[in-house]
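Biologist: I am new to this structure and would like a close look at one part of it, the pairing of charged side chains. Please take me through the pairs one at a time, with the surroundings of each partner.

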Amino acid sequence: MISTSDRQDAVQLIDEARAAGARLQAACAELGIGTNTYRRWVRGDQDRRPEAVRPVPRHALSPEERQQVLEICHRPEFASLPPGQIVPRLLDEEGLYVASEYITPSYSRPRVSNDNAFSESLFRTCKYRPDYPVDGYENLTAAQQWVTGFVHWYNHEHRHSAIRFVTPGERHAGQDDEVLARRDAIYAEAKRQHPGRWSGSTRNWTPRRTVWLNPDQEDPLVQSDQRLEAA
């Protein structure tokens, strides 16, 4: 919140600008406030937002559910994972749905002749592992052992967002259909119990048949895949 002294200073600056010929709206815009805010500050009205009593959303998580989310996020096995990785693990390993999460996809892969987006994406994942040896390896054997462990984790433990958060091993073995069907059933049951928490369909757990790391928006195959994804 903006302090009273800062408000008074802002009003003084705006008044000086207006005295010099500036319009009120333009002077307020320079300070990033609206004209209604300026008038409220001139009157000396107190900001009552901090004391406002706001109704609890009808479909908000209960205190027990919030506590459950906190306890899950503080479990040692989830300490280094974002929500996007925790949710599918709970679905697969415990058949548990606790709360939804928001995932913003990124498509920032540069289109240049010397770019290898696949390798760069893999290397970024490698570097962000909690046990990544930032100080280097003691010897070649140590390097080989760490990379071997990383490859196993990458293929058989890490859930990949581009394939609906299943592992490459599950996808390669054709197990993703079953895994995603179980998740879909858990979400459907969660929506049945609390239908008001969804404004539309539940999360899309249909298997991804085509994966694009750097899609060409003019490619008919890409356009077809995007239409199916939006359906």
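**Charged pairs**

Modeller: D131 has a relative accessible area of 45%, so this residue counts as partly exposed, a class that runs between the limits of 20% for buried and 50% for exposed. The model is a predicted one, and every value here is computed from it. The partner of D131 is R129: the two form a salt bridge in which the closest N and O atoms are 3.9 Å apart. The cut-off for such a pair is 4 Å, so a distance of 3.9 Å qualifies. As a general point, side chains of opposite charge can pair when their charged atoms come close. Across the whole structure, the search finds ten salt bridges.

Two of the pairs to look at next lie in helix α9, which covers residues 176-193. In one of them, the side chains of E178 and R182 meet in a salt bridge, with 3.2 Å from N to O. These two residues stand four positions apart in α9, which means that about one helical turn separates them. Their surroundings can be compared with the class limits: E178 is exposed because its relative accessible area is 53%, whereas R182, at 37%, is partly exposed.

The spacing in the helix is three residues, so about one helical turn lies between E189 and R192. E189 is partly exposed at 32% relative accessibility, and R192 is exposed at 58%. Elsewhere, salt bridges that share partners join four residues, D92, E93, R159 and R183, into one network.

For a contrast, consider a contact between two helices. Helix α2 (residues 24-31) and helix α3 (residues 35-43) have axes that come within 9 Å and cross at roughly 90°.

Methods. Residues numbered from 1 in each chain as written. Predicted model: local features only at pLDDT ≥ 70, side-chain atom pairs only at ≥ 80, totals over all residues. Heavy atoms only, no water. Axes fitted to C-alpha atoms, helices over the stretch in contact; angles between N-to-C directions. Buried < 20%, exposed > 50% of the residue type's maximum accessible area, 1.4 Å probe, protein only.
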